[in-house]
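Please look at the following structure, first as a whole and then residue by residue.

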Amino acid sequence: MSVSDEMNVRLAAAFAPERLEIVNESHKHAGHGGDDGSGESHFAVLIRASALAPLSRVARHRAVHQALGDLTTRVHAIALDIG
């Protein structure tokens with residue numbers, strides 16, 4: 001299973017989001033620091049979930065990172081747009 005698929009499964013299970021978009025942006029960082037050559041090093045995640053709405057911005061980010069678990073250490077960068 002690809003990293004983006006794993007992210008999708010974990011975030012959907014944790015938050016039942018109304019909107020979830022995961023974009024692999026690794027191609028934009030080829031040859032840069034953090035590019036391990038796997039093609040799965042940089043991601044952008046947009047998530048809209050009512051479960052996250054009452055949380056502060058920092059708490060939302062922490063919740064998403066917790067839901068992603070070890071994936072946050074397997075990739076170089078995850079840009080989050082949480083609402």
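**Salt bridges and a helix pair**

In this predicted model, Asp81 has a relative accessibility of 36% and therefore counts as partly exposed. The label follows because partly exposed residues lie between the buried class, under 20%, and the exposed class, over 50%. Arg48 is likewise partly exposed, since its relative accessible area is 27%. The side chains of Asp81 and Arg48 meet in a salt bridge, with a distance of 3.1 Å from N to O. This pair links distant parts of the chain, for Asp81 belongs to strand E3 (residues 77-82) and Arg48 to strand E2 (residues 42-48), 33 residues apart.

A salt bridge here requires a side-chain nitrogen of Lys or Arg within 4 Å of a carboxyl oxygen of Asp or Glu. By this rule, the model contains 6 salt bridges. One of them joins Arg19 to Glu21, whose closest N and O atoms are 2.7 Å apart. Arg19 has a relative accessible area of 41%, so it is partly exposed. Glu21, at 35%, is partly exposed as well.

Another salt bridge is formed by Asp70 and Arg10, with 2.8 Å between the closest N and O atoms. Here too, distant parts of the chain are linked: Asp70 lies in the loop between H2 and helix H3 (71-74), whereas Arg10 lies in helix H1, and 60 residues separate the two. Asp70 is partly exposed, because its relative accessible area is 40%. Arg10 is also partly exposed, with a relative accessibility of 25%. Both residues take part in a network of salt bridges that links Glu6, Arg10, Asp70 and Arg74.

Attention may now turn to the packing of helices. How far apart are the axes of H1 and H2? Helix H1 (residues 3-15) and helix H2 (residues 57-68) pack with their axes 9 Å apart, at an angle of about 125°. The crossing of H1 past H2 is right-handed. On the side of H1, the contact is made by Met7, Arg10, Leu11, Ala14 and Phe15, and on the side of H2 by Ala63, Val64, Ala67 and Leu68. Sorted by class, this contact has 8 nonpolar residues, 1 charged residue and no polar residues.

Conventions. Residues numbered from 1 in each chain as written. Predicted model: local features only at pLDDT ≥ 70, side-chain atom pairs only at ≥ 80, totals over all residues. Heavy atoms only, no water. Axes fitted to C-alpha atoms, helices over the stretch in contact; angles between N-to-C directions. Helix = DSSP H or I, 4+ residues; strand = E, 2+ residues; numbered from the N terminus. Left-handed = near helix turned anticlockwise from the far one by under 90°. Contact = heavy atoms within 4.5 Å. Nonpolar A, V, L, I, M, F, W, Y, C, P; charged D, E, K, R; others polar. Buried < 20%, exposed > 50% of the residue type's maximum accessible area, 1.4 Å probe, protein only.
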